[in-house]
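Please read it with the structure open beside you.

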Amino acid sequence: MATTDLMNRALAAVADSDAQLTVELVHELIEPGELAEPLGIAEVAELLDISAHTLRYYERCGLIEVARDGLDHRRYDDAAVRRIVFLTRMRLSGMPMRDLQHYVELVDGGEHTVPERLDVLVGHRDAVRRRIRELQLSLVATEYKIATYGGATGP
């Protein structure tokens, strides 16, 4: 699901009710649901609004393993699509590829790696929060300059 689509759906869900933007709400919006059958690369690219090149890149980097059919075409199942959604969200939030690769290695390593995975995600969350604060400060500075030039500030 494209980031713009996700944000629009999340904001609509919050606006239509007393709901807040929570982890649970975002999980419901992100979860692509069960696929009737595995999808090809073009279908997944369209579904998630990313390029086929990005999907192949994630595969080359070892972030995802994709089954192949008899004609050697990629076939993405539910688990692969869910992982790609997660990967694209982490990349969008600024997680470096090396950290993402390390995280995926931990996931693939089994349950005993959960504490280390948690550490990786907590560190990333802290970096995202810091970046949000920096962006909020930048927005305030931009709004100040707009007001200085007589422009309207606001949402």
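1. Y103 is buried in this predicted model, with a relative accessible area of 12%; here buried means under 20% relative accessible area, exposed means over 50%, and partly exposed is in between, with a 1.4 Å probe and protein chains only. F86, by comparison, is partly exposed, at a relative accessible area of 27%.

2. On the basis of the note: this is a predicted model, in which local features need pLDDT of at least 70 and side-chain atom pairs count only at pLDDT 80 or more, while totals for chains, interfaces and linings use all residues. Residues are numbered from 1 along each chain as its sequence is written, and side-chain values use heavy atoms, with hydrogens and water left out.

3. A search of the whole structure finds 2 aromatic pairs, where rings of Phe, Tyr and Trp (its six-membered ring) pair if their centres lie within 6.5 Å, and planes under 30 degrees apart count as stacked, over 60 as edge-to-face and the rest as tilted. The rings of Y57 and Y58 are 6.4 Å apart at their centres with their planes at 45°, so this pair is tilted. Y57 counts as partly exposed at 33% relative accessibility, whereas Y58 is buried at 5%. F86 and Y103 also form a tilted pair, with 5.3 Å from centre to centre and 35° between the planes. Because F86 lies in helix 5 and Y103 in helix 6, that pair ties together parts that are 17 residues apart in sequence.

4. For the overall layout, the chain has 7 helices and 2 strands, taken as DSSP runs numbered from the N terminus (helices are H or I with at least four residues, strands are E with at least two). From the N terminus on, the order of elements is α-α-α-α-β-β-α-α-α. Of the 155 residues of the chain, 26% count as buried, and the chain exposes about 10,500 Å², of which carbon and sulfur atoms supply 55%; these areas come from the Shrake-Rupley method with a 1.4 Å probe, and for residues only the protein chains shown count as cover. Among contacts (heavy atoms within 4.5 Å) with a separation of 6 or more, 50% are between residues 24 or more positions apart.

5. Which residues touch the most other members of the largest nonpolar core? A nonpolar core is a set of buried Ala, Val, Leu, Ile, Met, Phe, Trp, Tyr and Cys residues joined through side-chain atoms within 4.5 Å, and in the largest one, which has 25 residues, they are V44, L48, L55, L63, Y76 and I84. Helix 3 (41-48), helix 4 (52-60), helix 5 and helix 6 each supply at least two residues of this core, and the largest share, 6 residues, comes from helix 5.

6. Helix 5 has 15 residues that, at 1.5 Å a residue, should span 21 Å, and its end C-alpha atoms are 21 Å apart, which agrees; the expected span is 1.5 Å times one less than the number of residues. Buried residues in helix 5 include A80, V81, I84 and V85. The helix is followed by G94, whose phi is positive, near 95°.

7. H124 has a relative accessible area of 12% and, leaving aside neighbours within four places in sequence, is in contact with M90, S93, G94 and M95. Helix 7 is followed by G150, whose phi is positive, near 85°.

8. D49, in the loop between helix 3 and helix 4, has a positive phi of about 55° and is exposed, with a relative accessible area of 54%. D72, in the loop between strand 1 (67-68) and strand 2 (74-75), has a positive phi of about 70°.

9. R74 has its place in strand 2, and its side chain makes a polar contact with the side chain of E59 at 2.5 Å. A polar contact is a pair of N or O atoms within 3.5 Å; within protein, one must be able to donate a hydrogen and the other to accept it, and residues adjacent in sequence count only if both atoms are side-chain atoms. Not counting residues up to four places away in sequence, R74 touches several residues, including L39, R56, E59 and V66.
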